[in-house]
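Thanks for coming. Please look at the structure on the screen while I go through a few of its features.

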Amino acid sequence: MDIVVCVKRVPDTSEADVIIAKDERTVEAGDLVFDINEWDKYAVEEAVLLKEKYGGTVTAVTLGPDETEDTLRRCFATGADKAIRLTDSAFEGSDAAAIAKIIHQAVKDLKFDLIFTGTQASDDGYGQVGPVLASLLGTPHASVVTQVDIADGKARVQRELEGGLSEVVEVPLPAVFTIQTGINEPRYVSIMGVRKAAGKEIETAGLADLGLTAEDVGEKGSMTKVERLFLPPVTKEAEIIQGSPDEASTRLAQIIKDKGGFS
Amino acid sequence: MSQIFVLAEHRKGSLREITWEMLNKGAELASRSGSELVAVLLGNRMDSFAGELAHGADRVLVVEDEQLENYNSEIYQNVLSRLLSEYEPVLTLIGHTAFGMDLAPSLAAEMGMPLSTDCIDVDLEGDKLTATRQMYGGKVNAEVSFAPAKQYLVTLRSGMFPAEAAATKDGKIEKSDFPPSATDRKKFIEYLEAAIGAVDITQADVLVSVGQGIGDIKNMPLVEELASSLGATLSCSRPVVDRKWLPKGHQVGTSGKTVKPKVYLAIGISGAFQHVAGVKASTIIAINKDPKAPIFRVADYGIVGDLFQVVPLLKDKVTALKGS
Amino acid sequence: MDFGLSKEQRDIQKAAREFAEAEFDKDYMLDLELNHKFPHELLKKACDLGFLGIDFPEEYGGAGYGLMEKALVCEEFGRVGGGVGTTVSTSHFASKIVLRSGNEAQKKKYLPSVCSGESLPVAGCFTEPDRGSDLVTFPLSTTAVKDGADYVINGPKTFISFADVAGFGVVLCQTDPEAKPPYRGHSTIIVDKPSEQPGITITDFVKMGWKSCATTQMSFSEVRVPQENLVGEENRGFYHTINFLDEFRVEIGACSVGTAQGAFEKALAYAKTREAFGRKIGTFQAISHKLADMATKIESARLIVYKAGWQFDKEGKVDPKLSSMAKWYPARVAVEVADEAIEILGGHGYMLENEVERFYRDARVYELIEGTREIHKNTIARSLLGKLE
């Protein structure tokens, strides 16, 4: 079972302030802590679990500047065997479909049974790379996958739908799945893993290596473009209850009562 | 006349709300741009849905076949790519749902169309399309432009537009042939319903809902005790289920349940869109240490503070108030 | 000169941080604090991920990194856990005497179970009642006398960390009562499972902080251990011990930096959100300058620790003067920063649930263990001034 996992390095903005940069198209990296995209963490773990069960290799692929090697080393440390970083200043400004195009060039000649991506990335949340990549490769795909079972050259997967419902679909391999959080429990990076990662080489490939031209990628090769970032307009704001925790909770208890929370 | 397509979404015998949300938005765009609004309905024995949709669209384009009984991205894509080539709608709207997330990107790739996903708004001025979407967990909005194209594809986030079934139009129903499928690789096997536990959060009057902020399964008693003092039911956001701190049946949000209690108390929940989309409460109260958490934009009342401090105090106050 | 961490070091720092943030759970630590429990489960998980064996050679089950990398782990664990972090990251304690001075058979026997966690924690039984850090003036009260193939150990030890739950302990004993000066008659001897040895009684102290680590009084009465348990050379135990302490103090310094950082971050977050008189309290100079002072002290403490760690890894030893600096100063900074953090949090800072008061109480022990501030200033001064008449 040879598996390619596409990963992305993203800032953790769950509890951080997001400040829009002067260009109004990006956010200030500032004090933001960058790490592997949450969904990709599950995707890597799922790939490694399948490798541990069936043998084979896991190859992590990312796209980005030098810093993104941190993310690939994390993949090594948690079980990946190979890593490829796609990097070129021409890639700047690529939209999701262009990114899928770049990754396609890098993986099309690899031997793989499965390609995983995260269902989406926590920064831009497009959720496109996986299915577009499948389309370019001509393989079947399934999105929002919460279980993968392999038998007889086929994958039977659960896809998460709305309202607590899931569906089971079956596809022949090779296939592309976008992995949803909660599918497994991603392991921690161990010190042995860090050591292993340090001894591994990360392959890199640029525009020409991938047989692409500047027209294919970046803003030129993209059909969508983020023009402007802005803070969401305040349509409604909660009334923040002030005071010490004791005072605030006294008031809140009264509000809950008044709103019919208890009698 | 240019056309705007809305892909109807239905599952297990019901039209999904997103369909009406898109039709309502689509009607607005169509009237401003002088386009025809077309509901596209794929399925098996679709007469009654087609009738319903005719009230909200200028035309209903129906493709029926047994193979369309349940959603299958490959078969759907095969039908849609033919319809898009044939009718050339300037804009096609698909829901940013498990269905749309699976279908839209590869459809756009096959057709070479520009696509923006998970949009919260879309605007069509002449043939210039702009979309608004959210980034960084809803902390930032982005305006997205599209390269000039004959056709565009947008997936719209649920809950952004009115879901009332429109009755303003009397569209005609038109059937189109089911094209033979080029591939039959992907197979739908079955639906699985999440095991419903002892609780039914959709029926609760008061929900104490807990998020990732609780930090660990060992801290759950904190919220359980508050819930019990309130006589409330315990629910949660997705990360709590992902970490197996509560069973799936407790999850509120798009991939969980939609709830409609009188009071919804969100504790340590940041308020990601996917969560708040499932909250239709009369009063929403949030306790979160991050004053910029998106939950405060949907809540009616909030306390900015440490839940480990506030929740035990709140429990005491509720107990005291009950006794008085 | 390069002040940056290597990629590998950053990966280690990140791994330790990710683990600590997920596993040093607030309520779990509160339970340890209130019930004076040792964090066995947490320690096991940390060992499984290689955090304890990080600077032990690979042949003994370690990862083969150095003291600098170990310091990064101590720092991250201290940042989230305060004293609980220190309990976990220093639980290997006196096993490093076996690592640095033991023979091959001892290393093979003891070190793999240190790295795996099975024999953790490890006690270091050095201090004696009424003696403290003065190992020089009088012979030790704890003696080891050869009898057949054994040593027979008798005497008291005090302020011994981990003795109640230790997999083994290294006991500093007087083996030559006639030696002049007396420390030339010290030997370091391994005692397996002290709590299960007939003849050893262990009693717990009630203390100010660092409650996840029991600090105990030990009494040895006719305790027999085989002579092969002698670590290093007979009558060279004093040297084995001080060499070990020169190294180990850097770890305590790193735990201190982490504890200070954790308290600082809590104060910073509070200053950014807490409002008084209609504005965030961080906008008041009285608060903002405190934060600036705290950050500056932490940064300077960190640099001393890193330099000491770097020197040890490069030269195989730390200059005792630098080792003393890397211990007393970060420890002092941890106390001062935690104290200021309490001040910034006001009344909340005094409450157990906000952790900064625990960090403060935990930090206070860093100034006492492995030599007080005064002892270390003596060491530094002696090195600066020589034998000034």
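Let me start where chain A meets chain B: the contact takes 74 residues from chain A and 77 residues from chain B. Two residues count as in contact if their C-beta atoms, placed from the backbone, lie within 7 Å. This is a predicted model, in which local features need pLDDT of at least 70 and side-chain atom pairs count only at pLDDT 80 or more, while totals for chains, interfaces and linings use all residues. Residues are numbered from 1 along each chain as its sequence is written, chains are lettered from A and ligands numbered from 1 in the order in which they are written.

Helices (H or I, at least four residues) and strands (E, at least two) are DSSP runs, numbered from the N terminus. Two strands pair if DSSP finds at least two bridges between them. Ten strands form an open sheet with mixed pairing, in the order β12(A)-β9(B)-β8(B)-β7(B)-β10(B)-β6(B)-β1(B)-β4(B)-β5(B)-β11(B). At the edges are β12 (224–230) of chain A and β11 (172–176) of chain B, each pairing on one side only.

How does β12(A) join β9 (residues 140–146) of chain B? The two strands run antiparallel and are joined by six bridges. A:Thr224 has B:Phe146 as its bridge partner in β9(B).

Elsewhere in the sheet, β1 (residues 3–7) and β4 (residues 36–43) of chain B pair in the parallel sense over five bridges. B:Phe5 has B:Val38 as its bridge partner in β4(B). Helix α3 (residues 73–87) of chain B lies across β1, β4, β5 (59–64), β6 (91–95) and β11 of chain B, at about 155° to β4(B). Axes are lines fitted to C-alpha atoms, for helices over the stretch in contact, and angles run from 0 to 180 degrees between N-to-C directions.

Last, chain C. It is divided into domain 1 (7–116), domain 2 (122–235) and domain 3 (239–385), with bounds from an automatic or database domain assignment. Nine residues of domain 2 of chain C are in contact with nine residues of domain 3 of chain C. The side of domain 2 that touches domain 3 has five nonpolar, four polar and no charged residues.

Technical notes
Ala, Val, Leu, Ile, Met, Phe, Trp, Tyr, Cys and Pro count as nonpolar, Asp, Glu, Lys and Arg as charged, and the others, Gly among them, as polar.
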